[in-house]
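Here is a short tour of a protein model, written to be read with the structure open beside you. Shall we begin in the interior and work outwards?

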Amino acid sequence: DGADHHDNSAHLRFQAIDLNDLDLLESVLSQIAQEQEQHSRGETTHTIIVTEAVLMYLDKGVPTKILQLCMDKFGSNASWIFVDRIRDMQEESSGNDLEASRNVASNYLASIGWQLVDWWIKPGAT
């Protein structure tokens with residue numbers, strides 16, 4: 001398409017840490033944000049965060065704090081892709097009502113600065 005694309009593969013990062021350790025997480029996120037700024041060449045860098053079956057096992061309150069930390073560090077230049085249950089999100093008794101569950105999730109995420117783009121619920125406890 002003729003667009004000028006840069007190879008950013010050297011800037012990919014996979015980091016293994018205890019997500020319940022919020023001080024360590026904040027330090028790692030700050031380092032990532034700083035590296036992005038140094039290597040951005042004046043362009044906006046979009047951060048994609050991926051988690052699967054992680055948030056539901058964290059200490060109470062930690063998932064919300066993690067989402068807030070990521071929003072604070074990356075703002076609207078981030079996407080969070082997750083297959084998970086968020087223990088901090090108060091799910092209303094909606095049974096299998098996809099729209100009601102989506103509204104609960106949307107309101108929860110909006111309260112900490114995120115916009116819900118897509119939502120699918122998985123039946124069952126995990």
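Leaving out residues up to four places away in sequence, Ile 66 touches Leu 19, Leu 22, Leu 25, Leu 58 and Trp 80; contact here means heavy atoms within 4.5 Å. Please keep in mind that this is a predicted model, in which local features need pLDDT of at least 70 and side-chain atom pairs count only at pLDDT 80 or more, while totals for chains, interfaces and linings use all residues. Residues are numbered from 1 along each chain as its sequence is written, and side-chain values use heavy atoms, with hydrogens and water left out.

Ile 66 is also one of the residues that touch the most other members of the largest nonpolar core, a set of 27 residues; the others are Leu 67, Cys 70, Trp 80, Met 89, Tyr 108 and Trp 114. At least two residues of this core come from each of α1 (22–39), α2 (62–74), β2 (78–83) and α3 (98–110). Helix α2 gives the largest share, seven residues. A nonpolar core is a set of buried Ala, Val, Leu, Ile, Met, Phe, Trp, Tyr and Cys residues joined through side-chain atoms within 4.5 Å. Buried means under 20% relative accessible area, exposed over 50%, and partly exposed in between (1.4 Å probe, protein chains only).

## The overall layout

How many helices and strands does the protein have? Its secondary structure comes to three helices and two strands, and from the N terminus on the elements run α-β-α-β-α. Helices (H or I, at least four residues) and strands (E, at least two) are DSSP runs, numbered from the N terminus.

Of the 126 residues in the protein, 31% are buried. Among contacts with a separation of 6 or more, 69% join residues 24 or more positions apart. The accessible surface comes to about 8,700 Å², with 49% of it belonging to carbon and sulfur atoms; areas come from the Shrake-Rupley method with a 1.4 Å probe, and for residues only the protein chains shown count as cover.

Setting aside neighbours within four places in sequence, Thr 51 is in contact with Trp 80, Ile 81, Phe 82, Val 83 and Asp 84.

Val 50 also lies in β1 (residues 47–52), but counts as exposed because its relative accessibility is 61%. In the loop between β1 and α2, Ala 53 has a positive phi of about 50° although it is not a glycine.

## One salt bridge

A search of the whole structure finds one salt bridge, which is a side-chain nitrogen of Lys or Arg within 4 Å of a carboxyl oxygen of Asp or Glu. Lys 73 pairs with Glu 26, the closest N and O atoms being 3.8 Å apart. The partners sit 47 residues apart, Lys 73 in helix α2 and Glu 26 in helix α1, and so link distant parts of the chain. Lys 73 is partly exposed at 28% relative accessible area, and Glu 26 is partly exposed at 34% relative accessibility.
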